[in-house]
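Please keep the sequence and the structure in view while reading the points in order.

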Amino acid sequence: MEKILVSGCLMGQRVRYDGRDKLRDDELLNRWRAEGRLVSCCPEVGGGLPVPRRPAEITGAGGGPAVLDGTARVLTDTGEDVTDAFLLGAHRALETARQANARLAVLKESSPSCGSTRIYDGAFTGHLSPGTGVTTALLERHGIRVFSETALSEAAAYLHRLETAHPTP
Ligand code: SF4
């Protein structure tokens, strides 16, 4: 059965920077959970950051891919550089996906780790700009498709294509 990597906060785990969750009560997610498809992870906690923690944003152009390439950094709102923790968490999330043979992921939109279409712009003013988080960028570089929690029907269509065209061994 095809597994799906999913952000822990969407599963109800209180792992966000503010100590809260982002539980997503959705028919598709609930079905996948009942089928045993979901493998949860929180890259930021996986990278060693505490709960709660200071909010962080990617500074510099290019978003998650630029962090992977070393041309952008992840800073907290107090100026602490947490890039290494974000990179470690991304690699641990990739390892978790590989161990489960997951070829797709559903990750929390707008997060500097998990965002897949937009992220905060690095100014800590609440503005979003197009881009991906660090974990999303790493997963996508390794062929794992990432969808946000607002694109579950697209994720379901991709899952169907995987299971009909390229079933897992
Ligand atoms: Fe949720 Fe991802 Fe942030 Fe963890 S790193 S709290 S899984 S959005």
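1. Which residue in β5 is the bridge partner of Val6? The partner is Val106. This pair belongs to the region where strand β1, residues 4-7, meets strand β5, residues 104-107. The two strands run parallel and are joined by 3 bridges. Please note that the model is a predicted one.

2. Strands of a sheet pair through backbone hydrogen bonds, in either a parallel or an antiparallel manner. Here, 4 strands form an open sheet in the order β2-β1-β5-β8, with parallel pairing. The edges are held by β2 (38-41) and β8 (145-148), each of which pairs on one side only. On average, neighbouring strands of this sheet are turned by 25° against each other, with direction ignored.

3. A helix packs on this sheet: α6, residues 152-165, touches β5 and β8. The direction of α6 makes about 170° with that of β5.

4. As for the overall composition, the protein has 6 helices and 8 strands. Read from the N terminus, the elements follow the order β-α-β-α-β-α-β-α-β-β-β-α-β-α.

5. The dimensions may be checked against a simple expectation. A compact globule of 169 residues would have a radius of gyration near 15 Å, and the protein, with 15 Å, agrees with this. Its C-alpha atoms fill a box of roughly 45 × 30 × 25 Å along the principal axes. Of the 169 residues, 41% count as buried. Among contacts with a separation of 6 or more, 63% come from residues 24 or more positions apart.

6. Some backbone details deserve attention. Most residues other than glycine have a negative phi, and most peptide bonds are trans. Against this background, the bond between Val51 and Pro52 is cis, with omega about -5°. Pro52 is located in the loop between α2 (43-46) and β3 (56-59).

7. Asn101, in the loop between α4 (83-99) and β5, has a phi near 55°. Is Asn101 buried or exposed? Asn101 is exposed, because 12 other C-beta atoms lie within 10 Å, and a residue with 12 or fewer is classed as exposed.

8. Ser110 lies in the loop between β5 and β6 (118-120). Ser110 is not a glycine, yet its phi is positive, at about 80°. Ser110 has 16 C-beta neighbours inside 10 Å and therefore counts as partly exposed.

Definitions and conventions: Residues numbered from 1 in each chain as written. Predicted model: local features only at pLDDT ≥ 70, side-chain atom pairs only at ≥ 80, totals over all residues. Rg over C-alpha atoms; globule rule 2.2 N^0.38 Å. Buried ≥ 20, exposed ≤ 12 C-beta atoms within 10 Å, placed from the backbone. Contact = placed C-beta atoms within 7 Å. Pairing = 2+ DSSP bridges. Axes fitted to C-alpha atoms, helices over the stretch in contact; angles between N-to-C directions.
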